[in-house]
Amino acid sequence: MSAKEKIAFLKGLLAGLNMKDETTVKAFQAVTEALDALAEEIEEHGDLIEEQQGLYEELADDWALLDEDLDKLERSFAEIVGEDFEGGEEEEESDFDETYESVSCPKCGHVFYYQPEMYEEDEPLQCPNCGESFALPAEE
């Protein structure tokens, strides 16, 4: 049974009670009207979610096609230039891992990356989050 059906059942149940106290009747009517409005909003949000899901699926499909096209372009360019095509992403990740190190600020705990070769041995790091300066971590 949906929320709207349950609210309709509740309205029928309240109508069948034949309550004499007008204040109680108004209170129950207000509660059922509020429940009805909430059920309507929930239904509208459900419709919006379904619509957004459809748009998301279309966007994901378009992105996959663009990714395939980009891959073809990269391969064609590599052939024209006379280079071997390598996926690229793994190489970029390994370059990043080799040149950057992560560090956590001792004051605020913010984790950020820095390039160790850009700093002298005694030169402090400065946290981009809180501005605190602290010594470079010891190299392992």
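Buried means under 20% relative accessible area, exposed means over 50%, and partly exposed is in between (1.4 Å probe, protein chains only). This is a predicted model, in which local features need pLDDT of at least 70, side-chain atom pairs count only at pLDDT 80 or more, and totals for chains, interfaces and linings use all residues. Residues are numbered from 1 along each chain as its sequence is written, and side-chain values use heavy atoms, with hydrogens and water left out.

Q: How many salt bridges does a search of the whole structure find?
A: Side chains of opposite charge can pair when their charged atoms come close. A salt bridge is counted when a side-chain nitrogen of Lys or Arg is within 4 Å of a carboxyl oxygen of Asp or Glu. Searched as a whole, the structure has a total of five.

Q: Which residue forms a salt bridge with Glu40?
A: The closest N and O atoms of the pair are 2.6 Å apart, and the partner of Glu40 is Lys4. Glu40 lies in helix 2 and Lys4 in helix 1 (residues 3-16), so the bridge ties together parts 36 residues apart in sequence. Helices are DSSP runs of H or I with at least four residues, strands are runs of E with at least two, and both are numbered from the N terminus. Glu40 is partly exposed because its relative accessibility is 31%, and the residue it pairs with is Lys4.

Q: Where do Arg75 and Asp71 both lie?
A: Their side chains meet in a salt bridge, 3.3 Å from N to O. Arg75 counts as partly exposed at 41% relative accessible area, as does Asp71 at 29%. The two are four residues apart, about one turn of the helix, and both lie in helix 2.

Q: Is Lys107 buried or exposed?
A: Lys107 forms a salt bridge with Glu132, with 3.9 Å between the closest N and O atoms. Lys107 is in the loop between strand 1 (101-104) and strand 2 (111-114), while Glu132 is in the loop between strand 3 (125-126) and strand 4 (133-134), so the pair ties together parts 25 residues apart in sequence. Glu132 is partly exposed at 32%. Lys107 has a relative accessible area of 58%, and therefore counts as exposed.

Q: In which helix is Asp47 found?
A: Asp47 gathers with Glu41, Glu43, Glu44, Glu50 and Glu51 in a patch of negative charge on the surface. Because its relative accessibility is 46%, Asp47 counts as partly exposed. Asp47 is found within residues 22-81, which form helix 2.

Notes
Patch = residues over 30% accessible without salt bridge, like charges linked within 9 Å, V, L, I, M, F, W, Y side chains within 5 Å. Areas by Shrake-Rupley, 256 points an atom, 1.4 Å probe, with all protein chains shown as cover. Lys, Arg positive; Asp, Glu negative; His and termini not counted. Charge placed at Lys NZ, Arg CZ, Asp CG, Glu CD.
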